Each structure stands twice: as C-alpha cells, then as structure tokens.
Amino acid sequence: MSVRLDLHVHTTASDGLWTPARVVQEALSRGLRYLAITDHETTRGVLEAAAHARGTPLEVIPGVEISVGGPEEEIDLLGYFIDPLHPELLRMLEAMQAERVERIRAMAERLARLGLPVPWERVLELARGDVLGRPHLARAMVEQGYVADEAEAFRRYLGRDRPAYVPRRPVDPREVIDRIRAAGGVVVLAHPGRSGLPRDLRGLWEAGLAGLEVYHPDHSEADIARLTEIARIYDLVPTGGSDFHGPTPDGRILLGALPVPLQTVDRLRARRPASPPPQTP
C-alpha cells in the first residue's frame, strides 16, 4: 500500500463539513500516513484530530491557515508543526476570529440590502459555534433558495469584488510569520496558483517563509510547473494538499488524492525555526 499524505485539510472547527474525528477516520481508511489539520484561524480541530488518531499509523500534523494582507492583496499562509496551545498565537487567532464575525455580519447586511436576507441565527448555527466564514453564509443562501450551490454564491455575491463582499482588515504577513515561527511552526504560502503570488515574495522569504503550496486542486499542470521552478529558485519546500472541506458537489472525496511527495514532511520538519535559514537566491 502506498503511503500518502494531505497537508491542507479543514474540519468543522472552521468551515469544513466533517468533524475532525470523521476526517481522521477517512484518512485512515485511505491509508494516509500524514494528515495536516489547517483550519482557518483556529487550532481547536488539531487537538480533537490528534486525540482520535492516537495509537493509529496516522500522524496528525498540527497546522493552521491564516488570511493576511489587505484590500489590495490577500494571501493565505499555512503554518505546520505549530504548538496549538501557544499563548501568543492563540491571542492573535482569537482577535482574528472576532474580526471574522464582524466581517461576515457586514456581508449579511449587504445581502439584505440586495434583497437577499439570510437569518443571522441560521448562519451561526451552520458554523456550529466554531470559526465563522463565508462558506457558512453561502450555505445559508443555498437554504434560502437564492443560489443553487455555494460556488454560485461566491461567484455572484461573496467572492472578491462581488456586491456583498467585504474585504478583510489589513494584516501584516510578516507579523503572522513571526507568530507562527514563535509557536515552533513552519510557514508555507497557500494555493498561489489560485490567489496569485504576492508582489513581495522575496520579502516574505526573508521574513521566514519556508514553503510554497505547489499541488492544489485549483492548480493546472502549467501552474505546478511554474510554481515548482519558483520554489527551486527561492529554495522553498514544494508542498500540497487537497484543501479538503468535504465532498465536492459531485460527491468526490479528494482527501489524500494529490501526488504530494512523502519526503515533503521531513523537508518541512527540517525548516522549523531552529534550522539554519537557506541561502539567498
């Protein structure tokens, strides 16, 4: 049986459809050896997943995904091998979660002005008391019959530059990199083939960026080739994962489906803060 891994997975702790326990169960059934839980701005799912994986062949890598930047440029950073209970990291995440609630409520108000009101209580119910996100608002829109699916909600209303979209408050990516590294973590730029490469990639590299997500469901073969070369130039670890939130609309389960090399995990471990920085490209 081939050893597989998935380094980009979400659970109900943020905007995923499956609980951490169910994700672990599915990962085990698929023969995964490594699973990184990377919920948005929270580490709660990590602790539950690790508890369910204890005593099994599956290693749960503690992770997190954090959105940074501002109105002109938004990117996502992935942190791996973090201490999920690190006090300074948790304080930053809690502040970000509070900002998320304000932002999603503002989007709901914009939808109401567009003639598409959604019950705020239902949006909160869909979040199950965990980190609120645009997918919860999109699911409420589907329930109200305004759109056929979440993809249409994002395409027409909730995506960047759409009529109900509210940009995030500016967050300095260097500050986030510092916090992740202070929590013992390694920082990777998420899905640059979808989000685009940041204008100051070198600046992020100098701040401690260690990897580039090359393999992602939204990346074409051309994206993979281009990003592999960029990772080589900057000596960044090429990583990847399914960005799993649950089954796709057509019922496919992409958990562990991408060809991420097994040695990726060891290469990321070697880039933890105690390791010497790579040479300037």
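# A first look at this chain

A compact globule of 281 residues would have a radius of gyration near 19 Å, and the chain agrees with that, at 18 Å. The radius is taken over C-alpha atoms, and the globule rule is 2.2 Å times the number of residues to the power 0.38. Please keep in mind that this is a predicted model: local features need pLDDT of at least 70, side-chain atom pairs count only at pLDDT 80 or more, and totals for chains, interfaces and linings use all residues. Residues are numbered from 1 along each chain as its sequence is written, and side-chain values use heavy atoms, with hydrogens and water left out.

**The chain as a whole**

- The chain contains 11 helices and seven strands; these are DSSP runs numbered from the N terminus, with helices being H or I of at least four residues and strands being E of at least two.
- Along its principal axes, the C-alpha trace spans about 55 × 40 × 40 Å.
- Of the 281 residues, 53% are buried; buried means under 20% relative accessible area, exposed means over 50%, and partly exposed lies in between (1.4 Å probe, protein chains only).
- Among the contacts in the chain with a separation of 6 or more, 72% join residues 24 or more positions apart; a contact means heavy atoms within 4.5 Å.

**Helix 5 and its partner helix 3**

- Helix 3 (residues 87–113) packs against helix 5 at an angle of about 30°, with the axes 10 Å apart; axes are lines fitted to C-alpha atoms, for helices over the stretch in contact, and angles run from 0 to 180 degrees between N-to-C directions.
- That angle makes helix 3 roughly parallel to helix 5, since angles under 35 degrees count as roughly parallel, over 145 as roughly antiparallel, 65 to 115 as roughly perpendicular and the rest as oblique.
- The crossing of helix 3 and helix 5 is right-handed; a crossing has this hand if the near helix is turned clockwise from the far one by less than a right angle, and is left-handed if anticlockwise.
- Helix 3 brings R103, I104, M107, A108 and L111 to this contact, and helix 5 brings R134, L137 and M141.
- Sorted by class, the contact of helix 3 with helix 5 has six nonpolar, no polar and two charged residues; Ala, Val, Leu, Ile, Met, Phe, Trp, Tyr, Cys and Pro count as nonpolar, Asp, Glu, Lys and Arg as charged, and the others, Gly among them, as polar.

**Helix 5 with helix 4**

- The axes of helix 4 (residues 120–127) and helix 5 (residues 134–144) come within 9 Å and cross at roughly 120°, so the two helices are oblique to each other.
- Helix 4 also passes helix 5 in a right-handed crossing.
- On the helix 4 side, R122, V123, L126 and A127 meet H136, L137, R139, A140 and E143 of helix 5.
- The residues of this contact divide into five nonpolar, one polar and three charged.

**Helix 5 with helix 6**

- Helix 6 (residues 150–158) packs against helix 5 at about 105°, with the axes 9 Å apart, and the pair is therefore roughly perpendicular.
- From helix 5, R134, P135, L137, A138, R139, M141 and V142 meet E150, A153, F154, Y157 and L158 of helix 6.
- This contact of helix 5 with helix 6 has nine nonpolar, no polar and three charged residues.

- T11 sits in the loop between strand 1 (4–9) and helix 1 (20–29) and counts as buried, with 0% relative accessibility.
- Leaving aside residues up to four places away in sequence, T11 touches G16, W18, T19, P20, V23, I37, D39 and G45.
- G45 belongs to helix 2 (residues 44–53) and is buried as well, with a relative accessible area of 1%.
- G45 and P62 are 17 residues apart in sequence, and their C-alpha atoms are 9.0 Å apart in space.

- Most residues other than glycine have a negative phi.
- H191, which is not a glycine, has a positive phi of about 25°.
- H191 lies in the loop between strand 5 (186–189) and helix 8 (192–195) and is buried at 1% relative accessibility.
- D235, also a residue other than glycine, has a positive phi near 55°.
- D235 is in the loop between helix 10 (221–234) and strand 7 (237–240), and its 31% relative accessibility makes D235 partly exposed.
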